[in-house]
Amino acid sequence: MGDDSSWQFLILIAIGNFATLRRHIGREQSGLLAEAVAARVTGLFPDAVVRSTSSTQVEIMLLGADRAAVDVHLAVLATALARPFTVAGQPCRIEPVLAAATAMKPHEDDIRLLEEAEQALADAHIECRSVVRDLAVRVDRLDRITLARDLTHAIEHDALFVEYQPKVHVRQQRVCSIEALLRWRHPVHGMISPVEFIPVAEESRIIAPLTLWTMRRVIADQRRLDQAGHPQRIFINISGILLGDPDFVRRACALVRDGGACIGFEITETSVIRDPESAIANLQTFVDMGIALAIDDYGAGLSSLSYLKQLPACELKIDKLFITQLTSSNRDPLIVRSTIDLAHALEMEVVAEGVETPAALALLTVMGCDMVQGYLISRPIGFDALCQFLDEQAHQAVIERATPLSLGRFVAHARA
């Protein structure tokens, strides 16, 4: 590759039908499959670093002039790997599972790149398609003033995009709402995480136009969903800074009123601390407009019952910190169960964030959790993928598999 190779790609290939092939051609011969795949890939990309990392997986590190090149590479690989292999004289076809992680050069975090690629591969196994994840650049390595200027330009020129993550009602086994997640792929630096650019937006006072841009996009997408036969409430994250901003409140209400939108706002409980009187009054204005209110990341910071009981919220979202270790911790189940009971006593429904395993879903079902959200159901996806997800009712198979999953084993754990 020449000097114009400003992107780095880590592509992973898994042999999806390895267990079947091993039974067919034997353990010794099937062990040669990954090497055969690696050899074919090397012929396709002679400048790449290709190696088999296990009997079922091959890793490819290569460069590209732009991010779009990774999609071309994956298409080439899919075509090439569809041709049969000959191992020890026996023909066989593999079922390749393809995934990739991308990063702008230079970067110094190969471990994060590998983690993103591995997560993409896990998603690809579930979704039965190629998945690409972008390594978000760290803002502390960039000039924040320049970044704020670039973010303003992105808002003005629609250079942002939104991904959507469904929330599923456990007992009703249906998608009950969707969370909108703002994304920014910088033209030079690549993907920048919201965790990084939202503070920049708050510091530079462009958080209001950024949030209004998100609202306009979400309202337009919601209208398209409704026309496709999938009426859904879509939740948008709202910065605490905006809760005391009367101009934002006025403009946000106008957008909802004029667009006939069915949306919700997610706020953190601590976001009202700066100016509780104004924040709670404005939240009530939103609720009166028909905007649903969810308390996000509950338990991640200092929680105050005095604020919690005053907020006109209909949902409480338990932070994923407690959900990811739900089945491996003694204390987390107690905290989650007591939080569910508290929310129900305050007439709120409960959403568990970060649900990644059938075991966690089964335990949450026993505890009486109302809704779940996380990679077990779906990672954040684009609008077209969301439509397909809703058309296919893709969540139902997950719920049906997890609900009976050794449920008796978790009943005792939940009631202990």
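How many salt bridges does a search of the whole structure find? I ran the search and it finds 20 salt bridges. I note here that this is a predicted model.

**Entry 1: a pair between α5 and β7**

I looked up Asp123 and Arg133, whose side chains meet in a salt bridge at 3.7 Å, N to O. The pair links distant parts of the chain: Asp123 belongs to helix α5 (residues 110–127), Arg133 to strand β7 (residues 131–134), and the two are 10 residues apart. I then checked the accessibility of each partner. Asp123 has a relative accessible area of 3%, so I list Asp123 as buried. Arg133 comes out at 17%, and because the cut-off for buried is under 20%, Arg133 is buried as well.

**Entry 2: pairs of neighbours**

I looked up Arg149 and Asp150, and found their side chains joined in a salt bridge at 3.6 Å, N to O. Arg149 has 55% relative accessibility and therefore counts as exposed.

I also looked up Arg257 and Asp258, which form a salt bridge at 3.8 Å, N to O. Arg257 is exposed at a relative accessible area of 52%, and Asp258 is exposed at 64%. As background, side chains of opposite charge can pair when their charged atoms come close.

**Entry 3: a network**

Which residues are linked in a network of salt bridges? I recorded Lys167, Glu179, Glu266, Glu315, Lys317 and Glu353 as its members.

**Entry 4: helix α3**

I checked the length of helix α3 (residues 33–44) against its residue count. At 1.5 Å a residue, its 12 residues should span 16 Å, and I find the end C-alpha atoms 17 Å apart, which agrees.

Next I asked which residues of α3 are buried. They are Leu33, Ala34, Val37, Ala38, Arg40 and Val41. These residues lie on the same side of α3, because they cover an arc of only 165° around the axis. The general rule is that an α-helix has 3.6 residues a turn, so residues three or four places apart point the same way. On the face of α3 turned away from the buried side I found the exposed residues Ala39 and Gly43.

**Entry 5: a nonpolar patch**

I looked up Leu44, which lies in helix α3. Leu44 has 32% relative accessibility; exposed would need over 50%, so Leu44 counts as partly exposed. With Val72 and Val76, Leu44 forms a nonpolar patch on the surface. I noted about 210 Å² of accessible area for the three residues together.

Conventions
Residues numbered from 1 in each chain as written. Predicted model: local features only at pLDDT ≥ 70, side-chain atom pairs only at ≥ 80, totals over all residues. Heavy atoms only, no water. Helix = DSSP H or I, 4+ residues; strand = E, 2+ residues; numbered from the N terminus. Expected span 1.5 Å × (residues − 1). Buried < 20%, exposed > 50% of the residue type's maximum accessible area, 1.4 Å probe, protein only. Arc of directions from axis to C-beta. Salt bridge = Lys/Arg side-chain N within 4 Å of Asp/Glu carboxyl O. Patch = residues over 30% accessible without salt bridge, like charges linked within 9 Å, V, L, I, M, F, W, Y side chains within 5 Å. Areas by Shrake-Rupley, 256 points an atom, 1.4 Å probe, with all protein chains shown as cover.
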